[in-house]
Amino acid sequence: MQHRCASYGFAKYLKPWFIICLLMLCCATGLDADAETFLSRWDRTLFDRTYDAPPRREPTWTIMEGISDLGDYRGVMGVSILLMAYGNESHRETGKLLSSAYMGAGILTFGMKRLIRRKRPLDEMLGNPAMPSGHASIAFSVATILGYQYPKWRIPIYLGAGLVGFSRVYLGRHYPSDVVVGAAIGTATGILVWHNRVTLLQWEF
């Protein structure tokens, strides 16, 4: 019984890293926006059906821009700092876990962007690479932590993260696959942080 429990615990921690490694392999080899593959055609079709090309329809465009900003790292960082500085013990713990989750997701996202170097849908030149979506990875890492902390609000929290991802496609910033991979990275990072929270909460930062 102890052996089985130990194996289950190891698998629980290993699974998110396995998902991330698999996604990195798939993205590096198969999701080239310039290649004519089934995935790229599917990606482009979904993008064309979702993107609200100019002239922009107001107020929907403005609302989507506001939703998109919810996945910005500066907002998450600011909330985390406020919770750690001025919150009660529970809020400080939430702030620490949020900081750990979005920093972990951010590092993985930045590394994959530099590895894959995928152009954004509307960019002729490679500026800030598209794959994966940083807003989606941050939004889902935050949603995962908050979903564990507040289980009753898990569904609306994840719906909010999903809206952040959708807004990135609607505004023309990302292909759908960029958002899907970003969401997977954020979720996996959040799971890892939560299951290692006892250790992380001992850190002083």
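Apart from neighbours within four places in sequence, Ser 167 is in contact (heavy atoms within 4.5 Å) with Met 64, Ile 67 and Ser 68. Ser 167 belongs to helix α7, where helices (H or I, at least four residues) and strands (E, at least two) are DSSP runs numbered from the N terminus. With a relative accessibility of 0%, Ser 167 counts as buried; buried means under 20% relative accessible area, exposed over 50% and partly exposed in between, with a 1.4 Å probe and protein chains only.

The model is predicted, so local features need pLDDT of at least 70 and side-chain atom pairs count only at pLDDT 80 or more, while totals for chains, interfaces and linings use all residues. Residues are numbered from 1 along each chain as its sequence is written, and side-chain values use heavy atoms, with hydrogens and water left out.

The protein chain has nine helices and zero strands. Of its 205 residues, 41% count as buried. Among contacts between residues at least 6 apart in sequence, 74% join residues at least 24 apart.

Two packed helices are described by the angle between their axes and the distance between the axes. Here axes are lines fitted to C-alpha atoms, for helices over the stretch in contact, and angles run from 0 to 180 degrees between N-to-C directions. Helix α5 (residues 89–116) packs with helix α8 (residues 176–195) at an angle of about 140 degrees, and their axes are 9 Å apart. The two helices α5 and α8 are therefore oblique to each other; angles under 35 degrees count as roughly parallel, over 145 as roughly antiparallel, 65 to 115 as roughly perpendicular and the rest as oblique. In α5, residues including Leu 97, Ala 101, Gly 104 and Leu 108 meet residues of α8, among them Val 181, Ile 185, Gly 186 and Trp 194. By class, this contact of α5 with α8 holds nine nonpolar, five polar and no charged residues; Ala, Val, Leu, Ile, Met, Phe, Trp, Tyr, Cys and Pro count as nonpolar, Asp, Glu, Lys and Arg as charged, and the others, Gly among them, as polar.

Helix α5 also packs with α6, at an angle of about 150 degrees and with the axes 9 Å apart. The helices α5 and α6 are therefore roughly antiparallel to each other. On the α5 side the residues include Thr 94, Leu 98, Tyr 102 and Lys 113, and they meet α6 residues such as Ile 138, Val 142, Ile 145 and Gln 149. The contact of α5 with α6 has nine nonpolar, seven polar and one charged residues.

Gly 95 is also placed in helix α5 and, at 0% relative accessibility, counts as buried. Gly 95 and Leu 83 are 12 residues apart in sequence, and their C-alpha atoms are 5.2 Å apart in space. Beyond neighbours within four places in sequence, Gly 95 is in contact with Ser 80, Leu 83 and Met 84.

A nonpolar core is a set of buried Ala, Val, Leu, Ile, Met, Phe, Trp, Tyr and Cys residues joined through side-chain atoms within 4.5 Å. In the largest such core, of 17 residues, Phe 47, Trp 61, Met 64, Ala 161, Tyr 170 and Leu 171 touch the most other members. Two or more residues of this core come from each of α3 (60–69), α6 (134–149), α7 (154–170) and α8. A second, separate core of 10 residues includes Leu 97, Leu 98, Val 142 and Trp 194.
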